[in-house]
Amino acid sequence: MKIGEARKIYSAQIHEYQNQKLDLAKRKKALEHKMNAIPNGRELYAEEAATLELSYHAISDKYEEYRKYMEEIMEAYNGRLNAESAKQQGEAIEKAGEDMVKVLEVARRIAKGASVPPSDEQKLMEFSMELYLAAKNLAMMNAMKEKEEYDSLWDDEEETGEPADPLEVAEDGEISSSGAPEIVSAEDTIAAAVGTSVGTV
């Protein structure tokens, strides 16, 4: 199962169970008031109180099961997110280092009086106008020397396009569904806990 899909499914389950827990807690509190309001209230409402207590514990247990699995999902999600971010940062740093080496080589070639493509000169100017001007000044001193002609240092680069969004990479990762809790509605959990139909709760 994809991590993004698992996050949606189990997030919805957690939300449903959280709402059911809140509802059951309110009903338990209201029943407690009813039980205390009349002299034999504890005996009269004992069965309803027991049913509510069983329901609340069943919902709480299942909620915890879903919450713990959501923690596993989020660990997998964050792991993939961090790995992809680190990979992209490493690639960006590596590319910046390669570009710096190329820019310095362009400056060296210009300083020797060689002819470089205008696109390479432009990259040198964008990187550092001071370095470009220094290289041009040195080129004037070497104007009498025989000029070498170079191809662009950037011609061999492939256009890689935009890097993948780390969030999308994390969402598209796979998570094992072997340890995943079964998806059960809150109503079915309550019915199983009290051994009756939902209508009696």
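Where is the place of Lys 62? Lys 62 sits in helix 3, where helices are DSSP runs of H or I with at least four residues, numbered from the N terminus. At 13% relative accessibility, Lys 62 counts as buried, because buried means under 20% relative accessible area, with exposed over 50% and partly exposed in between, using a 1.4 Å probe and protein chains only. Contact here means heavy atoms within 4.5 Å. Not counting residues up to four places away in sequence, Lys 62 touches Tyr 17, Glu 182, Val 184 and Thr 189.

Before going on, some ground rules. This is a predicted model, in which local features need pLDDT of at least 70, side-chain atom pairs count only at pLDDT 80 or more, and totals for chains, interfaces and linings use all residues. Residues are numbered from 1 along each chain as its sequence is written, and side-chain values use heavy atoms, with hydrogens and water left out.

On confidence: pLDDT is the predictor's confidence in each residue, from 0 to 100. The protein chain has a mean pLDDT of 87, with 93% of its residues at 70 or more.

Now the interior. A nonpolar core is a set of buried Ala, Val, Leu, Ile, Met, Phe, Trp, Tyr and Cys residues joined through side-chain atoms within 4.5 Å. The largest has 22 residues, and those with the most contacts inside it include Tyr 10, Tyr 17, Ile 59 and Ile 73. Helix 1 (3-37), helix 3 and helix 7 (186-194) each supply at least two residues of this core. Its largest share, nine residues, comes from helix 3. Leaving aside neighbours within four places in sequence, Ile 73 is in contact with Ile 3, Ala 6, Arg 7, Tyr 10 and Ile 175. Apart from that core lies another, of 14 residues, among them Ala 107 and Tyr 150.

Next, Ile 9, which lies in helix 1. Is Ile 9 buried or partly exposed? Its relative accessible area is 30%, so Ile 9 is partly exposed. Not counting residues up to four places away in sequence, Ile 9 touches Met 1 and Ile 183. Ile 9 and Glu 84 are 75 residues apart in sequence and 24 Å apart in space, C-alpha to C-alpha.

Last, Met 100. This residue is found in helix 3, which spans residues 46-111. At 40% relative accessibility, Met 100 counts as partly exposed.
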